[in-house]
Amino acid sequence: WTHAAGTPARRAVATSAEPSLDFLWRTHSTTAAPALFDDRTPPVVALNTIITPATELPPGGPAQSVLAAFDLQTGEPLWRTPVDPPGLESFSGAAIDLMRRSAVYASGRRLGAYDLATGDPLWSTQLDRTVVNASPLIVDEPGLPARIFISDYDGFGQSAKLYCINADPFEATANPFQPGQIVWSVPIGAASGATAAYLPVAEGGFGLVYLATAGDFGFAPGQILAFPAAATSPPAPAWSADNTINEGFFGGVSIAADPSGRLCVFAASYAFYGGLNSGNVIKLDAADGSLVWSLPGNRTRSIPLPLADGTVLIAGGVHGYGSALGLRLLRDHGSAAELLWDSTLSTWTDLNGNSAIETGEYLEIGGWNTQPIACAGPDGLRVLAGATSDPLNPRIMDAFVIDPSRIPGQPGFIVDQVNGSGAAPAVAAGVAVLQDGSLVGRAGPATADVDGDGVLTIEDLIAIEQGLGRTQAGRESVINAARAGEVADLMEGRR
């Protein structure tokens with residue numbers, strides 16, 4: 001779980017087994033002081049290490065913004081390093097660079113890389129404007145220098161930028177940039193929370209970095225833009241596409257193949273006015289930006305979650321203002337989509353007869369700041385989702401595991417539920433990581449992916465031999481999983 005929403009493609013599907021919400025551990029501090037952990041901030045996990053920003057509250061001292069590391073299995077604090085305070089209460093997450101064993105994080109106007117084992121700063125780059133709610137993207141294609149992409153903030157102006165920043169060592173011919181050096185930046189108009197996405201070419205991607213913008217509020221809709229990741233000077237967009245309604249995007253996009261196998265970009269808009277259908281969910285062809293379909297949606301900054309069964313799950317809504325929290329499941333038919341269920345409407349009972357959907361009258365799950373994630377369990381697809389608290393309803397909400405094949409309100413729709421949610425959880429090595437003011441680990445079924453990097457390799461065997469990871473599979477199962485396909489690899493090319 002190296003990026004916000006899991007991977008560079010921002011398709012929040014865990015490789016771990018179905019999560020459980022059984023309590024494992026809870027952490028209230030870093031190595032230096034008591035700390036607060038924002039439930040909206042997406043933690044990232046790899047190599048048995050959780051990386052997340054926090055606000056330290058030392059007794060008698062000023063608050064300190066830090067980036068901190070924790071052990072995935074125990075919650076033990078490992079290190080912390082001071083960072084610039086976030087601007088405008090930003091809840092940007094970090095990213096983990098596996099190849100360079102570093103954590104990358106943007107706060108204030110600064111993007112920095114930190115040693116994954118110690119937290120020592122490796123480099124730091126100042127941007128032109130503050131980063132707000134956007135998380136970094138790491139693009140690491142074979143044969144090309146590694147790059148980091150991040151957008152800054154200009155929510156209601158038109159001066160935000162997308163930055164391409166070098167991550168690899170300097171090489172005079174192949175990569176004439178120092179680590180942390182800005183390779184290029186391009187204007188993208190208005191943007192807030194514009195978290196970029198990428199699908200590797202080896203997985204069928206087109207070598208494009210995708211992001212969504214806020215548009216010109218009240219005058220022009222948001223756009224989805226695609227830029228060539230390998231460019232070494234400021235590129236023009238490979239394509240751009242306006243939203244189909246006059247609303248902007250304030251979150252990330254996801255990339256996935258649709259039921260026909262076509263690679264597509266999914267995004268959802270935020271509308272400041274209107275009811276449950278004031279925004280929209282949009283699907284574009286990832287190759288050229290052509291519109292495939294658009295469906296009404298609840299206002300949100302959540303990233304749509306395309307699932308393997310051809311459905312798309314999206315969280316949205318706020319308390320009040322004509323809206324309400326909820327999850328929606330869409331059926332993607334390829335060239336069109338339909339709404340299968342809306343958790344708000346499916347569970348609403350108008351208790352006071354005023355025809356308004358109010359707190360206490362429906363299942364409060366999802367919300368505009370919530371990022372659901374999916375896991376494939378022994379009993380089918382499961383989704384882990386929290387609920388968004390906000391000034392109109394500041395209480396800590398619940399966390400849920402749901403069965404999306406069932407209708408909300410039906411028996412079996414809620415598989416598990418606990419008080420104290422994280423709006424943007426992560427799942428790795430069978431542990432669900434959530435934040436609700438504290439940092440919480442909840443134990444799921446164990447997996448052979450002991451180090452939690454999303455792949456089964458010899459590193460998992462090394463980890464289990466070192467006593468890392470909680471696995472019920474046992475050493476033999478880890479060996480079998482890591483060596484799967486070994487015979488075929490050895491025999492490749494033989495007649």
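Is S302 buried or exposed? At 2% relative accessibility, S302 counts as buried. Here buried means under 20% relative accessible area, exposed over 50%, and partly exposed in between, with a 1.4 Å probe and protein chains only. The structure is a predicted model; local features need pLDDT of at least 70, side-chain atom pairs count only at pLDDT 80 or more, and totals for chains, interfaces and linings use all residues. Residues are numbered from 1 along each chain as its sequence is written, and side-chain values use heavy atoms, with hydrogens and water left out.

S302 lies in the loop between strand 23 (291-297) and strand 24. Strands (E, at least two residues) and helices (H or I, at least four) are DSSP runs, numbered from the N terminus. Beyond its neighbours within four places in sequence, S302 is in contact with A268, I314, A315, W368, T370, Q371 and P372. Contact means heavy atoms within 4.5 Å.

W368 also belongs to an aromatic cluster, together with F156, F217, F250, Y270 and F272. The structure holds 13 aromatic pairs. The ring centres of F250 and Y270 are 6.2 Å apart and the planes stand at 80°, so this pair is edge-to-face. By definition, rings of Phe, Tyr and Trp (its six-membered ring) pair if their centres lie within 6.5 Å; planes under 30 degrees apart count as stacked, over 60 as edge-to-face and the rest as tilted. The pair links distant parts of the chain, 20 residues apart. F250 sits in the loop between strand 19 (239-242) and strand 20 (254-257), and Y270 in the loop between strand 21 (263-268) and strand 22 (279-285). Both residues, F250 and Y270, are buried.

Strand 9 (residues 102-107) has six of its six residues buried, so it is largely enclosed by the rest of the structure. In a regular strand the side chains alternate between the two faces of the sheet. S102, V104 and A106 point one way from strand 9, while A103, Y105 and S107 point the other way. Strand 9 pairs with strand 8 (residues 95-97) in the antiparallel sense over three bridges; two strands pair if DSSP finds at least two bridges between them. D97 has S102 as its bridge partner. This hairpin has four residues between the strands, and R101 takes a positive phi near 50°. Strand 9 also pairs with strand 10 (residues 110-115), antiparallel, over six bridges. Here S102 stands opposite D115. Two residues separate strand 9 and strand 10 in their hairpin, where G108 in the turn has a positive phi of about 65°.

A further four strands form an open antiparallel sheet in the order 24-25-26-27. Strand 24 (305-306) and strand 27 (337-342) stand at the edges with a single partner strand each, so one side of each is left without a neighbour in the sheet. Strand 26 (residues 326-332) and strand 27 pair over five bridges, in the antiparallel sense. L330 has L339 in strand 27 as its bridge partner.

The structure holds zero disulfides (pairs of cysteine sulfur atoms within 2.5 Å). C164 is buried at a relative accessible area of 0%. C375 is likewise buried, at 0% relative accessibility.

The mean pLDDT, the predictor's confidence in each residue from 0 to 100, is 89, and 87% of residues reach 70 or more. Over residues 470-474 pLDDT stays under 50, and the model has 15 contacts beyond four places in sequence for them. Where pLDDT is low, the predicted coordinates should not be read in detail.
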